[in-house]
Amino acid sequence: MKHKQLATAAIALSMVAGTGTASADLVFPSLSYRTGPYAPNGIHFADGYEDYFTLLNERDGGIGGVPIRVVECETGYNTEKGVECYESTKGEGALVYQPLSTGITYQLIPKATADIYR
């Protein structure tokens with residue numbers, strides 16, 4: 001059952017992308033945790049995530065020639081901060097959200113679902 005809920009969350013979060021404003025860039029929010037209890041893992045993940053998209057921009061001109069913009073928001077692996085990050089970045093035309101936290105994911109399921117149908 002949990003896998004079904006997580007799959008539903010992933011689909012809902014990826015569909016939110018269609019509700020954003022049109023942009024010249026492909027927007028990938030990075031709900032990072034460079035601080036907090038999981039910072040030793042989060043720092044490296046956030047750096048690698050940013051580096052990969054920088055590589056695509058520099059080497060390939062983005063994806064299909066469209067530049068990529070990473071919008072980083074620090075969650076500190078805190079559910080409330082993660083929801084605040086979602087709320088502050090959802091209007092940027094995000095293509096996908098990767099909460100990287102079960103607590104944040106569960107809080108975003110109803111929000112992303114509601115945002116899809118607005």
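Student: At roughly what angle do the axes of helix α3 and helix α4 cross?

Tutor: In this predicted model, the axes of α3 (residues 79-89) and α4 (residues 102-116) cross at roughly 30° and come within 9 Å.

Student: Roughly parallel or roughly antiparallel, then?

Tutor: The two helices, α3 and α4, are roughly parallel to each other, because angles under 35 degrees count as roughly parallel.

Student: And is the crossing left-handed or right-handed?

Tutor: The crossing in which α3 passes α4 is right-handed.

Student: Which residues make the contact?

Tutor: From α3, the contact involves T79, G82, V83, Y86 and E87. The partners on α4 are G103, I104, Q107, L108, K111, A112 and D115.

Student: Changing topic: how many cavities of 30 Å³ or more does a search of the whole structure find?

Tutor: The search finds 1 cavity of that size, 30 Å³ or more.

Student: What volume does the largest cavity have?

Tutor: Its volume is about 50 Å³.

Student: Which residues line the largest cavity?

Tutor: The lining consists of P29, S30, L31 and S32, together with F45, A46, Y49, Q98 and L100.

Student: Which elements supply at least two residues each?

Tutor: Strand β1 (26-32) and helix α2 (39-60) each supply at least two residues of that lining. The most comes from β1, which gives 4 residues.

Student: How many of the lining residues are nonpolar, polar or charged?

Tutor: The lining of the largest cavity has 6 nonpolar and 3 polar residues, with no charged residues. The contact of α3 with α4, by comparison, includes 3 charged residues.

Note on methods. Residues are numbered from 1 along each chain as its sequence is written. This is a predicted model: local features need pLDDT of at least 70, side-chain atom pairs count only at pLDDT 80 or more; totals for chains, interfaces and linings use all residues. Side-chain values use heavy atoms; hydrogens and water are left out. Axes are lines fitted to C-alpha atoms, for helices over the stretch in contact, and angles run from 0 to 180 degrees between N-to-C directions. Angles under 35 degrees count as roughly parallel, over 145 as roughly antiparallel, 65 to 115 as roughly perpendicular and the rest as oblique. A crossing is left-handed if the near helix is turned anticlockwise from the far one by less than a right angle, and right-handed if clockwise. Contact means heavy atoms within 4.5 Å. Ala, Val, Leu, Ile, Met, Phe, Trp, Tyr, Cys and Pro count as nonpolar, Asp, Glu, Lys and Arg as charged, and the others, Gly among them, as polar. On a 1 Å grid over the protein atoms alone, a cavity is a set of points where a 1.4 Å probe fits but cannot get out, and a pocket is an open set with protein on both sides within 12 Å along at least five of seven lines; lining residues have an atom within 4 Å of a point. Grid points are joined across faces, edges and corners, and a volume is the space filled by probe spheres set on the points.
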